[in-house]
Amino acid sequence: MHRWMSMLNNIGLPQSFHLTYIVEILILTVIIYELLIWVKNTRAWTLLKGIVVVTAFALISYFFHLTTLTWLMSKTAGVLVTVVVIVFQPELRRALEQLGRKNIIFSIFGTSAVIAEEDRRSRDKINSEIVKAVFEMSKVKTGALIVMEKKVILNEYERTGIPIDALISSQLLMNIFEHNTPLHDGAVFIRNQRVVAATCYLPLSDNMELSKELGTRHRAGVGISEVSDSLTIIVSEETGAVSIAESGKLTRSVSPDDLKAKLAEITQSVDDGKRKKLRERIKNERKTDV
């Protein structure tokens, strides 16, 4: 036992345990985690990789006694720190502002709740962006066809269009369907809160009950809803009316509130599906353990 205590003393580790050590470890863990998250989401990620390379060169120089390189790096280390602070001043300021807005205690003990709340806000914002784009296009009678995927992935129809993979915004959707633009013809596919493809071709419905006054855009919207569980939003180029196609049925002249409620219903069903899959996976893992 005395030998182990001597080893701990030689390497500078404490020989006795105190509750403050746990507190310090928790604080350092949170700080390092938040720092890595911040670095990952900014230009500092590239800087970090550069620092790792420089550090590797410094260690090689030290262990192989490359005195010139070791001296040069020791003299420039202080300057590099100053340069980093100046170059990444906007990111550092933004990080400090975010730190000031955060509830630290809640973020430590309620991480999952924070993530769920942020995800809900993100979905609500995206739904609002879609509704805004749809009814702005409705005002100026810009034809549009937007397919909202649910559980059934429609890769075979996406491949007929042009991949985009972009964040959803009202400006993006309106620009896509603007007249005489390369992407305006065809349908847009939305999956996991992202625009994944545009100018996609959809199957036309053979439903004889559809009104004869409806054109190809409406029949394509109904057609894709007949072969999948998707929700299709259609903006008429002739009248500007907004319609919804789901499960082979067409609902015409919907209001902004109706569309927003329907989109909220979709995101809720997707969340319920994710939670159900998670429960099933946990249940299967428990069976396997038994």
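Let me begin with contact, by which I mean heavy atoms within 4.5 Å. What we have here is a predicted model, in which local features need pLDDT of at least 70 and side-chain atom pairs count only at pLDDT 80 or more, while totals for chains, interfaces and linings use all residues. Residues are numbered from 1 along each chain as its sequence is written, and side-chain values use heavy atoms, with hydrogens and water left out.

I will start with the sheet. It is an open sheet of 7 strands in the order 2-4-3-1-5-6-7, with mixed pairing, where two strands pair if DSSP finds at least two bridges between them, and where helices (H or I, at least four residues) and strands (E, at least two) are DSSP runs numbered from the N terminus. At the edges are strand 2 (162-167) and strand 7 (249-251), each of which pairs on one side only, and the twist averages 20° from one strand to the next.

Turning to strand 1 (144-148), 5 of its 5 residues are buried, buried meaning under 20% relative accessible area, exposed over 50%, and partly exposed in between, with a 1.4 Å probe and protein chains only. Ala144, Ile146 and Met148 point one way from this strand, and Leu145 and Val147 the other way. Strand 1 runs antiparallel to strand 5, with 5 bridges joining them, and Ala144 has Val235 as its bridge partner there; strand 1 runs parallel to strand 3 (residues 187-191), with 3 bridges, and here Ile146 stands opposite Val188.

Strand 5 (residues 231-235) is in turn joined by 5 bridges to strand 6 (residues 242-246), the two running antiparallel, and Ile233 stands opposite Ile244 in strand 6.

What lies across these strands? Helix 10 (residues 216-226) lies across strand 1, strand 5, strand 6 and strand 7, running at about 175° to strand 5, where axes are lines fitted to C-alpha atoms, for helices over the stretch in contact, and angles run from 0 to 180 degrees between N-to-C directions. Because 8 of its 11 residues are buried, helix 10 is largely enclosed by the rest of the structure. The buried residues, among them His218, Arg219 and Ile224, pack against strand 1, helix 8 (155-158), strand 5, strand 6 and strand 7.

Finally, Ser138 lies in helix 7 (residues 111-139) and counts as buried because its relative accessibility is 16%. Leaving aside neighbours within four places in sequence, Ser138 is in contact with Val235, Gly240, Ala241 and Val242.
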